[in-house]
Amino acid sequence: MKKIAFFDTKSYDRESFDRENNGRYDIRYFETRLTAAAMPLADGCDAACAFVNAEIDRAVVEGLVARGIRVLALRCAGFNNVDFRAAYAAGLTVVRVPAYSPYAVAEHAAALLLSLDRHIHRAAARTRDFNFSLAGLTGFDLHGKTAGIVGTGKIGRIFADICKGFGMRVLAYDAFPNPATGLEYVALDRLLAESDVVSLHCPLLPETRHMIDAAALAKAKRGFTLVNTSRGGLVDSEALLAALRDGTVGAAGLDVYEEESEWFYEDRSDETRQNKTLSLLVSLPNVIVTSHQAFLTHEALANIASTTLSNLDAYFAGAPLENEICYRCLGSGGANKTDCPKRSGGRCHKQEAH
Ligand code: NAD
């Protein structure tokens with residue numbers, strides 16, 4: 001039976017993977033994240049499985065391959081944490097879960113927006129103290145306002161539909177506009193200037209890092225609400241903090257944070273060591289931070305387990321790997337945009353399965 005070294009395990013991962021696995025793999029669950037130091041745990045395994053905040057750098061890639069592991073199954077959609085050139089050079093196949101529930105993420109973005117707009121987080125804290133004052137809780141109607149969607153892939157399109165359901169006007173920006181969406185595409189500067197709500201749904205790539213920086217914020221509609229359920233690195237957190245303090249940004253709902261890998265997914269409430277910018281952000285009344293939980297629904301967890309194990313089934317069977325990614329097929333904006341051999345051969349790597 002093939003063995004999977006499963007890193008960064010949480011109780012909910014174990015439940016969904018055990019249910020889906022049904023005894024076909026020997027899954028070795030480790031709480032630690034996949035790092036160079038944690039590598040010996042993978043000794044004797046045939047595959048490694050990692051989550052969103054693992055740093056898959058050259059040392060990790062080479063460490064896996066040195067242990068005879070030639071396939072890394074990411075149980076997430078994002079892949080900005082992988083050194084794909086190192087993986088390609090070392091012959092490490094990387095597969096991912098491109099979609100598990102775009103609804104989960106889009107609905108979480110909507111939850112952040114509604115909570116911020118109607119001050120639900122503050123109201124709930126007040127009524128728990130038997131404080132029924134409404135002072136400071138005035139919101140605004142979403143109906144008739146403009147939502148700017150940055151990235152109109154699976155999640156962005158669902159969020160656009162949700163906004164339309166509220167009676168909002170929707171503007172869109174994408175490096176690869178898709179006419180089939182029927183959305184009104186505009187330049188990013190115009191989207192920022194006209195939107196009351198801006199929601200980020202594009203991947204973190206070198207060209208999108210800090211796309212929301214001081215210069216972008218200066219072009220935005222004063223007092224707009226920023227929602228980021230995509231990747232923390234899209235936003236310059238220092239610039240956002242300054243913009244929240246001077247009113248450029250009216251509110252921010254952040255499910256992701258650029259230095260989240262050091263903090264998210266664990267209880268840090270007893271620690272005195274803190275990230276200064278994150279501490280200041282969470283202390284503001286017009287900011288809600290959630291711990292990269294937009295994906296966390298029962299439906300999404302079941303789909304993550306099912307697709308991850310199917311990816312490994314296909315790898316070990318030598319079958320085409322629909323969900324494989326490499327630096328050649330990433331391009332800007334997703335798989336199969338360039339000359340990757342996957343287009344003709346079903347796999348980025350030509351090597352045989354092990
Ligand atoms: P997707 O691939 O379906 O869509 C991404 C869109 O971004 C595409 O339309 C693409 O053309 C566009 N894009 C690419 N480069 C761009 C650029 N430079 N500028 C603007 N747009 C660009 O992806 P998706 O499934 O909709 O996911 C979107 C993002 O959500 C992912 O990249 C991931 O980082 C994030 N995500 C977060 C969570 C969470 O739990 N918070 C869960 C899943 C995904």
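This is a predicted model: local features need pLDDT of at least 70, side-chain atom pairs count only at pLDDT 80 or more; totals for chains, interfaces and linings use all residues.
Of the 24 residues around the ligand, which come nearest?

Residues are numbered from 1 along each chain as its sequence is written, and side-chain values use heavy atoms, with hydrogens and water left out.

**View 1. Residues around the ligand.** Lys154, Ile155, Asp174, Thr229 and Asp255 come nearest of the 24 residues around the ligand. Here, a residue is near a molecule or strand if one of its heavy atoms lies within 4 Å of it. Polar contacts are pairs of N or O atoms within 3.5 Å; within protein, one must be able to donate a hydrogen and the other to accept it, and residues adjacent in sequence count only if both atoms are side-chain atoms. Asp174 places a polar side-chain atom 2.6 Å from a ligand oxygen atom. For Arg231, a polar side-chain atom lies 3.3 Å from an oxygen atom of the ligand. Ser230 uses a polar backbone atom, 3.4 Å from a ligand oxygen atom.

View 2. Six strands follow the order 2-1-3-4-5-13, with mixed pairing. Strand 2 (26-29) and strand 13 (324-325) are the edge strands, each pairing on one side only. Strands (E, at least two residues) and helices (H or I, at least four) are DSSP runs, numbered from the N terminus. Two strands pair if DSSP finds at least two bridges between them. Strand 1 (residues 3-6) runs parallel to strand 2, joined by four bridges. Three bridges link strand 1 to strand 3 (residues 47-50), also in the parallel sense. Ala5 has Arg28 as its bridge partner in strand 2 and Ala48 in strand 3.

**View 3. Two faces of strand 2.** In a regular strand the side chains alternate between the two faces of the sheet. Ile27 and Tyr29 point to one face and are buried (under 20% relative accessible area; exposed is over 50%, partly exposed in between; 1.4 Å probe, protein chains only).

**View 4. Helix 4 (residues 102-117).** Helix 4 is largely enclosed by the rest of the structure, because 12 of its 16 residues are buried. Among them are Pro102, His108, Leu112 and Asp117. His119 follows helix 4, with a positive phi near 55°.
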